[in-house]
Amino acid sequence: MEAEPIVRPKLTSRALRRWVPPLARHLPHLVSAYLVPGRVPPAVREAAMLGVTSINRCEACQAVHDRWGRHAGLRVDELSPAEASAHAYGQRLAMAGPDAMPPSAMSRRHRRELAATAILMELANLSGNRFLPGGDGRPSLQVGDARTARILDFGMQAADRAGLHRARSRVAGRARGDVLELGVGTGSNLRAYPADAAIHGIDVSAPALSIAAARARRMDRRVALTVADAAALPFPDASFDTIVATFVLCSVGDVGGTLREACRVLRPGGTIRLLEHAEADHPAIADIQRRSAPAWARASGGCRLDHDVAASVRGAGLTIVAERRRLGGILVEIVAAA
Ligand SMILES: C[S@@+](CC[C@H](N)C(=O)[O-])C[C@H]1O[C@@H](n2cnc3c(N)ncnc32)[C@H](O)[C@@H]1O
């Protein structure tokens, strides 16, 4: 008899309409679930997460929460009554929707926290099943193909509308002269550059570069775009006055080699301007980043959530001229000189 194919629910606009409003309502409880003392016990929370995932079967989320569950002392073969009812609640929520009732034996605060984390898990599962690689060859977040390049562009434009464009203006807006942007992607920084800067962009992804080229044409901006690896730049020594990279050092294979190449092509007196996500200052958030880093790296094609950007820059022999940490250290802007 043939095995039944595994059906995994995916992120769709209908699912977003169903799950995002309750998640937004539960946001304060989500924060307290992770950060405030007296929160729902982590093992109970993880049991609910695994309950949701057992229905949705997102392999990346399952890997993360198996690990976190073990870390929290959860034993799936020997659930306590509280963990078992949280697990069953997670399954009900994944099957019936956000109105499923959390275990009534819990305090009101814990019920709300559990609902918040289970709803977040549902959305993470749906996203995971849509974007992350599974055993069946589904696409990853690497932007080597046209569809994932469009997803990257959509995500970056949404983040820019939510306020990221201000950081781009501080980083790219102060570039001078001949500028090289490493990992230019779909060209999200193009509108931030000064009008008199001469922009060259490189990226390993040809589909991302064709979106960047279309963006440049719409803006009536001349930009030279080349498919190249940041760790092996096709330019002579001392070719550029400014090197820019935003959200790139987290995902290049060879961070040291990339920074060394940046130094090689930088003219004396030039600057390297970086905007990267990094490990948060808050220990609880940094802990979440560290624990999810291995699974995220596997799922995203190598993006490091817990990257210490300043240490890499110093390690490459560069001098940090200015460093600015935003959003509790999750965003870091660095100006460096050779
Ligand atoms: C998260 S995206 C950021 C894109 C863009 N810099 C932005 O801020 O919107 C990372 C980009 O780095 C590119 N990339 C990854 N490894 C690279 C490498 N070794 N050399 C050049 N580009 C690379 C990816 O193709 C992708 O476009």
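Modeller: A residue is near a molecule or strand if one of its heavy atoms lies within 4 Å of it. This is a predicted model, where local features need pLDDT of at least 70 and side-chain atom pairs count only at pLDDT 80 or more, while totals for chains, interfaces and linings use all residues. Residues are numbered from 1 along each chain as its sequence is written, and side-chain values use heavy atoms, leaving out hydrogens and water.

Colleague: Which residues come nearest to the ligand?

Modeller: There are 20 residues around the ligand. Those that come nearest are Gly183, Asp203, Asp229, Ala230 and Thr246.

Colleague: Where does the largest share of the shell around the ligand come from?

Modeller: α7 (146-172) and β2 each supply at least two residues of the shell; such helices (H or I, at least four residues) and strands (E, at least two) are DSSP runs, numbered from the N terminus. The largest share is three residues, and its source is α7.

Colleague: How much of the ligand's accessible area does the protein cover?

Modeller: A nitrogen atom of the ligand is 3.0 Å from a side-chain N or O atom of aspartate 229, and one is 2.9 Å from a polar backbone atom of alanine 230. On its own, the ligand has 600 Å² of accessible area (Shrake-Rupley method, 1.4 Å probe).

Technical notes
A polar contact is a pair of N or O atoms within 3.5 Å; within protein, one must be able to donate a hydrogen and the other to accept it, and residues adjacent in sequence count only if both atoms are side-chain atoms.
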